[in-house]
Amino acid sequence: MTDSNSRETAALGIGAYLARHMREFGLLFALIAIMAFFQIVTNGTLLKPVNVTNLLLQNSYIVIMALGMLIVIVAGHIDLSVGSVMGFVGALAAVMIVELDQPTWFTIIVCIFAGGVIGAAQGYWVAYWGIPSFIVTLAGMLVFRGASLWLLEGQSLGPFPREFQLIANGFVPDVFPSGLGAAVADMLGQRQVNMLAFSVGLLAAGVIIWLELKKRTQNKKYGMEIEPAAFFWSRIGIVAFALVFILFKLSTFRGLPNVLITMGVLTVLYAFFTERTVTGRRIYALGGNVKAAKLSGVKTARLTFLAFVNMGVLAAIAGMVFAARLNSATPKAGFALELDVIAAVFIGGASMSGGVGKIVGAVVGAFLMGVLNNGMSILGIGIDYQQMIKGLVLLAAVIFDVYNKSKQG
Amino acid sequence: MSTLLEMQGITKEFPGVKALDKVDLSVDEGEILALVGENGAGKSTLMKVLSGVYPAGSYKGNINYDGALAEFSDVSDSEERGIIIIHQELALVPLLSIAENIFLGNERAKGGVINWRETDKSTVDLLRKVGLSEAPGTLIDKLGVGKQQLVEIAKALSKEVRLLILDEPTAALSESDSQALLDLMLELKKQGVTQIIISHKLNEVRRVADKITVIRDGRSISTMHARTEEITEDRIVHDMVGRDMEQRYPTRERKSGEELLRIRDWNVYHPLHASRKVIHDVELSVNAGEVVGIAGLMGAGRTELAMSLFGRSYGQKVTGTVEMHGKPIDVSTVSNAIEAGIAYVTEDRKELGLILDETIQRNITLANLSGVARGQVLQEATETEVAERYRKALNIRTPSVFQKTVNLSGGNQQKVVLSKWLFAQPEVLILDEPTRGIDVGAKFEIYGIINDLSAQGKGVLMISSEMPELLGMCDRIYVMNEGAFVGELSAEEASQERIMSLIVTD
């Protein structure tokens, strides 16, 4: 049994490598295939600059919450309350700003703090009392849905002042001289090019190539399994191209949305946190085998608690983004959104039993759902079919996981 | 006596590996055959071929059963013919009753409606046969592992078994439960049930088996007949490992240095019943370079003592003092205990020792992540170097440290757990049943590691249910019974008889 798995370490054939890493590539390919499909059937509407911008804004709050949800799920739990918490925090922001005339900066701080407290209140029971997270957060879902109704007295509340709206609808002004942008636009035959957005795209692509190359040389040095070269380059090529492409599209519209910056920074931060830090590693250990982790000196209860606090904070940020985007808080905000967030994480390859899952997977999973939503809406497919198709996609992704695992096992 | 089962030239290949290579095996009617071999030798694969887990056609060779060629397409096929396997991991549903478990999938029912009276009556009969007097409605949960094992056998008997296969039946059992089980095997033999037992415990094998077949690296090496020849453990071990093991325990220069660990007035109460004292006034010490044993029967409180010491992982109202180098230390949490220089290698490596879905590397560094990190940031290159170092030092057999631990054999898993604790740089290691369920060769290697530790001046506290192991390895042995220490013996004074008499006269 020991040796049946893989004796060959380096230089696998492409087929063998693909078979073993089907899941990671499958997700990326699925996203590309779905995008290509909708690009064709919508006659190119999907990737129009305005729609790309929209797509990012529409899914930003899902992505932000998926980051926290991934950690909660990796830790072996679930949080059903995030949709309600998001709605509640949006309501809180509206009440503070619109009714109580509080300044925006103060509101943001209070909202984030409130999110943390809500996460702590739920995490406390899960972590220190061992109450199943499903039940605690199901209760939280009901409580905070009720609480936002109560705060808003059943009414929508808005509009927000401009500076609060900027959280979701603002764009980063171009820092490069406008002459440069105009010159590049001319060269590429576009009406306008926001040089900041474009260069961020180039920079991000460059950084990814550099990091991947560094990792590859390191893996080689330690005799770890490495991808076949053709595979490596096409994968990196696709990712880098996609980044440059998306940001170029943005640059020809209104440039970099503020939300994209928030989302991008948070994604990088959380990816680093989960993969490279001591605490991140301990969360995986805790989800993989809580008893063994505990006996290895991991403070399992405290980490579980913090995972929920973190989730609350991210739900609060998402709530503000959502409210700012709609320019009002409604009692319906965030309704059933927790399911989209959880679906994104599972599509992204996380395991229900904990210990497995990646930030990048969750983000790609969220965008996969987002593109599906967006593409089907453009096509005018009814919400009824949309729900059914999304449900089947989720099921297919998880079946694919289980199938892959059984084949390897 | 006629031959009930004959397996001829069984070859089974998995992609890249030949798990079985022309294995022959035969069992006569009413006989007990012992199948022995190191972990990974192919015993379980062979039994899976026999029971139809690997259906006919997926292997080469013939199975003749009951006078005809047998080609089973799945497990129910072989069960119908009376071949029943009891696996190492028990397949009982904990929250169902004994009766429900015995007749699970084979219910005494008419038209889908269960006849409970008949079920209970048959259950009582079956339980009597295996020597149990529990009520049929008792939940499996409430039984100890030993009794659960007997329920499994009762379940097999309910199916008109002709060939009963027991895979490591005594691995999790105490001495007395094991004896009861072996007695039952002999009793069943009298009633004409043919049996195959897979076991590591050679003394047990010798006690019950009429015939012993040794397999190694997927080949059948030898078959010995207890009736016609003298079978010694040395001979079996020789065939299992392919070489002579001059000593079961490697020699070590016995020297003990200054005192490392001292525990005084250690009292622990049961985690659920606050009034029940589990550990009574334990005092112990471990010196540098010393290997100290704790002997006792199952349930004597040895694991509870060790876990209560290690960050109060067991029990409540833990009182007493712990000193390291003569200075009091804080062991109130696991991380404090690790910090203070204590490591605890659990007896249950799958449940408590490893994260099975994680790689070898990540398991090894888990207890000392700061040792491979700069601040909070993990240094992957350093981490791999560390894992590689332990892979080589402890001879963990694996293609790479990026393999998941779930794929390793028991002995290699144990080495990963040991690596984890060695990397935590403890001064005193508490080893709880360090060689449970691992084969002879790996055992020897683990003993070697323990000796290295003592040579480096570490203190080792070793809990074991195998008395020969304690006698072979330890400088001093504490004897524990019902939560208290009832004696302390030096290596010279210690013997199995002395230890047992301390326990029984307590």
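Helices here are DSSP runs of H or I with at least four residues, strands are DSSP runs of E with at least two, and both are numbered from the N terminus. With that in hand, hi everyone, let's start with one residue.

A:Arg302 is found in helix 14 of chain A. Before going on, a word on where this comes from. This is a predicted model, in which local features need pLDDT of at least 70, side-chain atom pairs count only at pLDDT 80 or more, and totals for chains, interfaces and linings use all residues. Residues are numbered from 1 along each chain as its sequence is written, while chains are lettered from A and ligands numbered from 1 in the order in which they are written.

Back to our arginine: is A:Arg302 buried or partly exposed? Buried means 20 or more other C-beta atoms within 10 Å of a residue's own, exposed means 12 or fewer, partly exposed is in between, and the C-beta atoms are placed from the backbone. A:Arg302 has 13 such atoms within 10 Å, so it counts as partly exposed. Its C-alpha atom is separated by 44 Å from that of A:Ser251, 51 residues apart along the chain.

Now the nonpolar core, meaning a set of buried Ala, Val, Leu, Ile, Met, Phe, Trp, Tyr and Cys residues joined through C-beta atoms within 7 Å. The largest one has 189 residues, and A:Met65 and A:Ala66 touch the most other members. Helix 14 of chain A, residues 300-326, gives this core its largest share, 17 residues. Contact means that two C-beta atoms, placed from the backbone, lie within 7 Å. Leaving aside neighbours within four places in sequence, A:Met65 is in contact with A:Val82, A:Met86, A:Leu314, A:Ala315, A:Ala318 and A:Val341. Another core, of 68 residues, lies apart from it and includes B:Leu5 and B:Val208.

A:Val341 brings us to helix 15 of chain A, where it is one of the buried residues. Why is this helix, residues 337-347, largely enclosed by the rest of the structure? Because 10 of its 11 residues are buried. After the helix comes A:Gly349, with a positive phi near 100°.

Over to chain B and strand 22, residues 459-463. Five of its five residues are buried, so this strand too is largely enclosed by the rest of the structure. B:Gly459, B:Leu461 and B:Ile463 point one way, B:Val460 and B:Met462 the other.

Which strands pair with strand 22 of chain B? Two strands pair if DSSP finds at least two bridges between them. Strand 15 of chain B pairs with it in the parallel sense over four bridges, and B:Ile294 has B:Ile463 as its bridge partner. Strand 21 of chain B also runs parallel to it, joined by five bridges, with B:Leu429 opposite B:Val460. From strand 21 the chain crosses through helix 15 of chain B, residues 440-455, to strand 22, in a right-handed β-α-β crossover. Right-handed means that, with the strands pointing away from the viewer, the path from the first strand over the helix to the second runs clockwise.

Last stop: an open sheet of four strands in chain B, with the order 14-13-16-17 and antiparallel pairing. Strands 14 and 17 are its edges, each pairing on one side only. Strands 13 and 14 of chain B share seven bridges, and the bridge partner of B:Trp266 is B:Val282.
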